[in-house]
Amino acid sequence: MIRPILRDADTRVGFAELFFDLVFVFAITQVSHLLLHHYSLAGALETALIFLAIWWVWIYTTWVLNRLDPERIEVRGLLFALMAAGLFLSMSIPQAFGERGLTFALAFIAMQLGRSLFMFVVSKGNALLRGTYLRIAIWFCASAVFWIAGALADPHHGRLQLWAIALAIEYAGPLTGLYVPGLGRDTTTNWTVKGGHIAERCGLFVIICLGETLLVSGATFSGMEWTTPGTVAFLSSLAGAIGLWWVYFHVGFRRGAHQIEHSDDPGRLARLAFTYAHIPIVAGIVLTAVGAERSIAHPADPANLAEAASVLGGVAMFLAGNGWFKRISGRNFPLSHLVGLGLCVALMLVLPWMNLLALNIASTTILVLVAIWEQCSVGRHLDVH
């Protein structure tokens with residue numbers, strides 16, 4: 001059931017894994033709608049916490065699937081059980097800070113602990129892997145206390161803070177080497193991974209988020225009167241989504257997979273490049289989807305700081321995360337991304353003279369320019385061996 005890590009082994013993602021990902025198509029849609037319906041600072045903080053929880057449960061599952069054979073009936077059973085819990089997790093998102101907080105917390109804990117205990121059981125005979133998942137389960141037990149406490153607390157006074165502590169515990173775990181008193185610290189050299197598989201899995205999650213951008217844009221535009229400003233905003237958002245795809249998939253994710261497969265410590269590289277560096281990438285795409293919806297629905301509205309936070313902030317977050325990711329797998333933070341970030345800052349200075357349509361076009365122009373720059377500068381170096 002536990003697959004060996006071989007350099008030339010098949011790393012293709014299985015159909016069972018793709019089926020599992022459908023739950024997260026729903027989850028990402030719920031996340032973006034949560035922010036759209038609670039477009040405020042408090043709503044942004046709550047949405048950020050929910051997004052980080054969704055990403056964390058998905059990336060941990062990806063690490064597990066990197067070592068399991070999805071064709072085995074036991075593994076498929078695990079995936080289908082996780083899908084069931086994931087649906088309850090996703091369905092509770094709109095009321096996670098309301099009456100369904102306990103459902104969200106219990107579903108999240110069930111996915112995290114259940115997956116870890118499954119790995120602990122099936123890794124019998126592999127002491128290193130078994131020790132890793134014992135430590136992970138203990139860390140999840142510690143965070144579960146705060147998930148439950150937050151779910152039982154007042155939704156408006158304490159839940160956000162307690163759940164933030166729970167997430168902080170979970171995110172700190174890998175950074176500390178999953179240290180547990182009495183068991184010691186795990187080392188990243190024990191976290192063997194197949195680079196091609198984990199890169200493809202993360203690429204698919206990026207596709208899910210890009211799909212949400214198209215879905216939100218199309219649904220918003222189809223339900224409104226097709227005016228010229230709205231049409232231009234829709235086409236600009238479509239071009240922006242293409243720019244996001246191009247910047248990410250042109251070379252970065254392939255190079256990241258190559259680096260992991262040829263690294264002396266693939267676990268450390270995968271933890272940094274895919275577990276953590278992808279957070280601002282996917283968060284930026286989701287935020288861009290929210291900005292696209294608001295630009296299409298209200299193109300003539302003034303481009304104030306609140307609106308710029310999604311329209312422009314999503315682009316800036318994506319470029320920062322993508323640049324970090326490429327810096328890990330390459331030599332430098334791409335100059336094109338630095339210039340793009342500089343242009344995002346420059347646009348903030350002229351916000352008082354812009355509406356949402358103009359801001360949407362400007363942010364899309366930045367993405368297209370970065371994509372063209374990347375194509376021209378690294379197009380001849382696409383093949384990595």
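Modeller: Start with the elements: helices (H or I, at least four residues) and strands (E, at least two) are DSSP runs, numbered from the N terminus. The model is predicted, so local features need pLDDT of at least 70, side-chain atom pairs count only at pLDDT 80 or more, and totals for chains, interfaces and linings use all residues. Residues are numbered from 1 along each chain as its sequence is written, and side-chain values use heavy atoms, with hydrogens and water left out.

Biologist: Which helices each supply at least two residues of the lining of the second largest cavity?

Modeller: They are α8 (228-249), α11 (278-297), α12 (305-329) and α14 (356-378).

Biologist: What makes a space a cavity?

Modeller: On a 1 Å grid over the protein atoms alone, it is a set of points where a 1.4 Å probe fits but cannot get out; lining residues have an atom within 4 Å of a point. Two cavities of 30 Å³ or more are counted.

Biologist: What volume does the second largest cavity have?

Modeller: About 110 Å³. A volume is the space filled by probe spheres set on the points, with grid points joined across faces, edges and corners. Of its 15 lining residues, Thr288, Ala292, Asn360, Ser363 and Thr364 are the closest to the centre.

Biologist: How does that lining divide by class?

Modeller: Five nonpolar, ten polar and no charged residues. Ala, Val, Leu, Ile, Met, Phe, Trp, Tyr, Cys and Pro count as nonpolar, Asp, Glu, Lys and Arg as charged, and the others, Gly among them, as polar.

Biologist: And what does the largest cavity hold?

Modeller: About 250 Å³ of space. Its lining has 17 residues, with Trp63, Thr132, Tyr133, Ile136 and Trp191 closest to the centre. α5 gives the largest share, five residues.

Biologist: Why is α8 called roughly parallel to α12?

Modeller: Their angle is about 15°, with the axes 10 Å apart. Angles under 35 degrees count as roughly parallel, over 145 as roughly antiparallel, 65 to 115 as roughly perpendicular and the rest as oblique. So α8 is roughly parallel to α12.

Biologist: Which residues meet there?

Modeller: Leu244, Val247 and Tyr248 of α8 meet Phe318, Asn322, Phe325 and Lys326 of α12. Contact means heavy atoms within 4.5 Å.

Biologist: Why is α1 called oblique to α11?

Modeller: Helix α1 (residues 15-37) and α11 pack at about 50°. Axes are lines fitted to C-alpha atoms, for helices over the stretch in contact, and angles run from 0 to 180 degrees between N-to-C directions. Therefore α1 is oblique to α11.

Methods. 1 Å grid on protein atoms, 1.4 Å probe; cavity = no way out; pocket = protein on both sides within 12 Å on 5 of 7 lines; lining within 4 Å.
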